[in-house]
Amino acid sequence: MYLTPKTLSNLNFHKFLANIPHKLNFLHMASLNDTSARIINEGLASVKASGKVFYNPVQEFNRDLSISVLTAFVRNYRTGKQSKEKLAGTGDVNVITDGVNKTVDVGIKCDDGITILEALSATGLRSIRYAKEVPGIQKIIANDISQKAVESIKQNIIDNKVEELITASHNDAILLLHQHKRQDQFSAVDLDPYGCPSIFLDSAVQAVKEGGLLLVTATDMAVLAGNSPETCYSKYGSISLRTKSCHEMALRILLQCIEAHANRYGRYIEPLLSVSADFYIRVFVRVFDGAHKCKYTLSKLSLVYHCTGCDSFPLQPLGVVKKNERNNQDKFCLPTNLPVSTKCEHCGQAYHVGGPIWSAPIHNKYFVNEVLNNIPKHLKTAQRIRGVLSVILEELEEPPLYYTLERLSGTLHVETPPMLSIRSAILNAGYKVSYTHCNKSSIKTDAPSKVIWDIMRCWAANHPISTKRMVEGTPVYNILSKKSEKEFSFALHPLATPASKKNGLLRFQANPLPFWGPGVRATAMIGDEKLS
């Protein structure tokens, strides 16, 4: 069965996706009667695609970043083990397997290299780019459920002269993953579906080798960002919230979902890099075996109490790990106290409860630095990758989530302070602060929420609000009716400006195209600039 643009336009698309069999639950499909062929040039690859095979040029950043991550992963990957060596090089890569140091070239089959499955391949562009741009590869399987797409993949493999590295597969992605769950597992599995990836996760976490890499994209941001919390729970096992930090929360919801699937099979994940970009999120995690390690999962998850008045977000861990005084071993406990009462201590409003979310670190800073230092120079989006990764390296690992400048000032109806002033006040008070790559006006800090609102009270005292805003019972009235416990200094702190800004890096990308997004019709995102 194939879906045509006419078919899709006559359907409620999201309702349609929810009710069709999982084999068709993505948009990597083609039209039977479409015979036109178009050339797409990206990276070192050039592929032909029918006008109705799904391709999105906006996701070139996604593919470029994945190539950078896989290149760093190859440098640090040892078959069946976790390699601790730092491997340097440009162009060629030193791959250590079974104690043997070999230099491998890009585009050449490496007998001891990594194996990759691209489960939802469409044109095969991503797999072909991996074959031509990532060193140390043994084999790649480019799979798709659409016969038309597979025919296109086979031809593109021949045209790009990568037959030695890539095999086209015509199969249901879930079935194919299950076929590799006990033997012939993959070093890396790439899932880039249209919409929600959750139906593929149960089989994917089993098809990855010990210490292997799982690359997962989710484009259903409306669900993950709190527009439909009941749908988010049914798909991801977590309640999303409409909060200003929704993009980071979306990443943490996806991570807890992957961890939940892995735990069922005595496996657990280690996030290497988690990115929110454009209309999607993308996470890169390693998967390990260890039933005992799964016991730590509870302490890595938290519920989020989101204040409906001031957007504060106290967290409640689901579990606590303590040291046993007798034998100094870890003891797994449940928390005994709630972080909130029935009303917010700052503004007096009620809470919504969301989650659970992944509340442990979402990046491995060592690995991110490896990626940053080895970005292939030919990548079109290299400048953006460098900027995003630099901001990620500056991000505070804890606590999770963040405030935004416009939400803090909007709650009090006060003149918006300069970002440098707020960051300086937090630093002058002895706390840490950073941006997050998820939001250009983000304030990520270890300062308690009471300190944040005291800082805002001091700002409001010097920039008085209109008296008509002081209506009893409102958040602004309840917050400003209390006095700050101390005076906070807004004098410029030497660390208030992050290095990524000083260096003029491209930290926050503007919308790349006038009509950008995940697309609905398979032809919607084929731009003229990619045709020849």
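**View 1. The bridge partner of Leu303 in a predicted model.** In this predicted model, Leu303 has Gln316 of strand β15 as its bridge partner. Strand β14, residues 301-307, is joined to β15 by three bridges, and the two run antiparallel; strands here are DSSP E runs of at least two residues, numbered from the N terminus, and two of them pair if DSSP finds at least two bridges between them.

**View 2. The three-stranded sheet.** The open sheet has the strand order β15-β14-β18, with antiparallel pairing. Because β15 (315-317) and β18 (351-358) stand at the edges and each has a single partner strand, one side of each is left without a neighbour in the sheet. From one strand to the next, the twist averages 25°.

**View 3. Helix α10 against the sheet.** Helix α10, residues 246-263, packs on the sheet and touches β14 and β18, its direction making about 55° with that of β18. Helices are DSSP runs of H or I with at least four residues, contact means heavy atoms within 4.5 Å, and axes are lines fitted to C-alpha atoms, for helices over the stretch in contact, with angles from 0 to 180 degrees between N-to-C directions.

**View 4. The chain around these elements.** The secondary structure of the chain comes to 17 helices and 21 strands, and buried residues (under 20% relative accessible area, 1.4 Å probe, protein chains only) make up 56% of its 532 residues.

**Notes.** Residues are numbered from 1 along each chain as its sequence is written. Local features need pLDDT of at least 70 and side-chain atom pairs count only at pLDDT 80 or more, while totals for chains, interfaces and linings use all residues, and side-chain values use heavy atoms, with hydrogens and water left out.

Methods
Buried < 20%, exposed > 50% of the residue type's maximum accessible area, 1.4 Å probe, protein only.
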